[in-house]
Amino acid sequence: MKNILTGITPSGTPHIGNYIGAIKPAIEKSKSNSQDNYFYFLSDYHALVKCQDARLVEKYSLEIAATWLALGLDTSKAFFYRQSRIEETTQLSWILTCLAPKGLLNRAHAYKALVDENIQANKDKDKNISMGLFSYPILMAADILLFDTNLVPVGKDQIQHVEIARDLANYFNKTYEDILVLPEVDLACDDVLSGLDGRKMSKSYQNTIELFASEKELRKKIMKIATNSLAPGKAKDYNTCTLFKIYKEFATSGEIEEIKKAYEDGIAWGEMKNILFEKINKTLSGAREKYKYFIENKHEVENILEAGEEKTRKLAKEKLDTIKYALGLRSFC
Ligand code: TRP
């Protein structure tokens, strides 16, 4: 039995890249008959590092929670919660802060990249860098270590953070007692989806297709996907085609073979865009309705999360008590 945990930062509206890369595989896994425990949470404290607009933090948190529910996360099995509602996390984060060598965090990519940018631009090296950004990996380590996590399904950009969590667990175990589990990365979901312009679909490139865009909006976005200018009737290369790359994530293997043939036979881009639209629309229309329902009935989302948080908090409290005891933060009697 393994504990599998991943956090989703509510810093944007979920898009198709998030769905294919992370949400869909995570939900499928949690529905399988395995005995593993799944922890899926909104890392809303991490969101504060990037987003200081209270209304947006609230909006994105609701949208992401509604997305997971609309897509069928089984919350009776999985632990589904908001990071900010499990206070043990920030307590553990402080404990780990006291153990963390500053040099280790100086080397964290996200922080280092910003420092290097400042230096390049002849600015103060700490310009626009908050302590939250610097300590980000420690909070993430606390998320992970609090629940004896074995596996962390994340993308490549997060590998270093999981390694930092491992290092901190090691320091802890050597300094105090051997009670923290060393987590490992599960890179299974690292398939990157192409966006409208052919680059990786990402909020930061503004090339995303919102997961639950209206039918009209979805069609509009798909029509905007960049292709080359090969005329209808001319054979086309599916391997380098964004339309195909997205299509294959939604289609069955039989459908994929059919489309490959159509490319070889010179399918027109307009036709391919229509096929892609129909496919995505059909796959997501049921969940889109549910999503709308949850956004309009947010008290239900709140209730589900609160129930999840109550269940999660019990585990968190137990673990933190053990940790505090090991640190010498214990009753005198
Ligand atoms: N940093 C992760 C991201 O932005 C989110 C995250 C926070 C996370 N805590 C985590 C992921 C713990 C895995 C485990 O994608």
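How far is a nitrogen atom of the ligand from an N or O atom in the side chain of Gln158? In this predicted model, the separation between the ligand nitrogen and the side-chain atom of Gln158 is 3.1 Å. Tyr136 places a polar side-chain atom 2.9 Å from a nitrogen atom of the ligand, while Thr9 has a polar side-chain atom 3.1 Å from a ligand oxygen. Taken on its own, the ligand has 370 Å² of accessible area, and the protein covers 90% of this area.

The residues around the ligand number 14, and those that come nearest are Thr9, His46, Tyr136, Asp143 and Gln158. Two elements, β1 (3–8) and α7 (131–145), each give two or more residues to this shell. The largest contribution is that of α7, which supplies 4 residues. Sorted by class, the shell consists of 7 nonpolar, 6 polar and 1 charged residues.

The second topic is the packing of helices. Two packed helices are described by the angle between their axes and the distance between the axes. Helix α10 (residues 242–250) can be considered against two partners, α11 and α12.

With helix α12 (residues 269–296), the axis of α10 comes within 10 Å, and the two axes cross at roughly 30 degrees. An angle under 35 degrees counts as roughly parallel, and α10 and α12 are therefore roughly parallel to each other. The crossing in which α10 passes α12 is left-handed.

With helix α11 (residues 253–264), the axis of α10 likewise comes within 10 Å, but here the crossing angle is roughly 165 degrees. Angles over 145 degrees count as roughly antiparallel, so α10 and α11 are roughly antiparallel to each other. The crossing of this pair, α10 and α11, is right-handed.

Definitions and conventions: Residues numbered from 1 in each chain as written. Predicted model: local features only at pLDDT ≥ 70, side-chain atom pairs only at ≥ 80, totals over all residues. Heavy atoms only, no water. Near = heavy atom within 4 Å. Polar contact = N/O pair within 3.5 Å; in protein donor to acceptor, adjacent residues only side chain to side chain. Areas by Shrake-Rupley, 256 points an atom, 1.4 Å probe, with all protein chains shown as cover. Nonpolar A, V, L, I, M, F, W, Y, C, P; charged D, E, K, R; others polar. Axes fitted to C-alpha atoms, helices over the stretch in contact; angles between N-to-C directions. Parallel < 35°, antiparallel > 145°, perpendicular 65-115°, else oblique. Left-handed = near helix turned anticlockwise from the far one by under 90°.
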